[in-house]
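Visitor: I would like to learn how to read aromatic rings in a model. Please start with charges and rings, then go on to ring pairs.

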Amino acid sequence: MKIPLYFLSLVSLLLVSRGDLSAAEPGGAWKAPSPDGRAWKHEATGLSFPQVLGGYDLAGEFSYDSGGSFIRYENLDQRARADVFFFKLPNVPASLEDKQRLILNEMDVVKVDFEAMVKQGRYKGMQVGEFALGELDLWQKESLPIATRVITATRLGFSDEGAAEAEIRQWTGITIFEGHLITIRYMRPADTGDTGEAAMKGFVGLLFQILKDPSLRSHIQELVREYLANPLSNDGEQAAAAVLAYLKQTPYFPINIPEQPVAAWLDHCAKKAPGTEQKLLSAFMLGSAKAAFEDANAETCLNEGSRQFAKIYRQLAAETSQIALPEIDAFATAAEKGLGAAWMKEWSLRQ
């Protein structure tokens, strides 16, 4: 019989140690995600990981007593998970060639340790794919070298009904970022086929985007400040357009604008005064983005987005009274007091 991957994850911390995968679980502590929905942040690198990413939930962080840590994402519906490891390098290679050599050596460690688990009887039928060496382009910074490889094997375990097997595919990606060796391990059942492969590529792509984000973030933050300084000017609108394009490609910010009643408001404004709807949407999004860049939680982002929305709505309504609605007026009044999220919650309860 076959057992699902999430069963195996309950049996042991599969492939958790960078240096000795065949050993017992190393000492350390497990920490659950922040209860307020904040992203998990790796302070040393500045990388920020949301609690929900592409349909995967952040399960938590494991910190090793000996140093280093990893975070885990899980998607139980797809029976898939991904671990992202962070280990500080005592000496960071200076040249690209030396960085590539270190990464490839680390990739060999993964292979050797997997082979050790085969010898222990924990896996069988191991097939090792060729490694690929490439680069991740960064905004106005030197690109990151990265090596990837796929290993397929059958995991041997036990269930209440006796011995059980599950063929799995593990994709590994290794890079060096801000003085740290970062290893991504994505695991899924092999029987998910092309669908599972596509899901893996999509999720790994989001992780790559997180690695790319810090180099671009300071530029985007400057555009947010430029917009807020004069939101209805040509420069402000151009800055807003660039930020919105960034946010569209960066789906892990805690920005959640309620579809209703906002969509109905924007539709009303578009009919009465075309163009005002985009100004209002930009206000909501960029007000929220400013708070998100400051590591605010989802409620604070909604409040700040609401506040900026109210500011622009008041200005536009003074110029074009046709867009005014009693409901938007009521929301704007609450938003100006920092109560936009509470107003939205009360509105949804009335529906």
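Guide: Keep in mind that this is a predicted model. Start with R185, whose charged end sits over the ring of F85, 5.0 Å from the ring centre.

Visitor: Which ring does the charged end of R350 sit over?

Guide: The ring of W343, with 5.9 Å between the charged end of R350 and the ring centre.

Visitor: How many aromatic pairs does the whole structure hold?

Guide: A search finds 25. One of them joins F49 and F86, with 5.8 Å from centre to centre and 75° between the planes. Planes over 60 degrees apart count as edge-to-face, and this pair is edge-to-face.

Visitor: Where do F49 and F86 lie in the chain?

Guide: F49 is in strand 3 (residues 47–49) and F86 in strand 7 (residues 80–88), so their pairing ties together parts 37 residues apart in sequence.

Visitor: Are F49 and F86 buried or exposed?

Guide: Both are buried.

Visitor: What angle do the planes of Y186 and F203 make?

Guide: The angle is 45° and the ring centres are 6.1 Å apart, so this pair is tilted. Y186 lies in strand 12 (residues 180–189) and F203 in helix 3 (residues 193–229), and the pair links distant parts of the chain, 17 residues apart.

Visitor: Are Y186 and F203 buried or exposed?

Guide: Y186 counts as buried at 1% relative accessibility. F203 is buried too, with a relative accessible area of 2%.

Terms used
Residues are numbered from 1 along each chain as its sequence is written. This is a predicted model: local features need pLDDT of at least 70, side-chain atom pairs count only at pLDDT 80 or more; totals for chains, interfaces and linings use all residues. Side-chain values use heavy atoms; hydrogens and water are left out. Rings of Phe, Tyr and Trp (its six-membered ring) pair if their centres lie within 6.5 Å; planes under 30 degrees apart count as stacked, over 60 as edge-to-face and the rest as tilted. Helices (H or I, at least four residues) and strands (E, at least two) are DSSP runs, numbered from the N terminus. Buried means under 20% relative accessible area, exposed over 50%, partly exposed in between (1.4 Å probe, protein chains only). A charge sits over a ring if NZ of Lys or CZ of Arg is within 6 Å of the ring centre and within 35 degrees of the ring normal.
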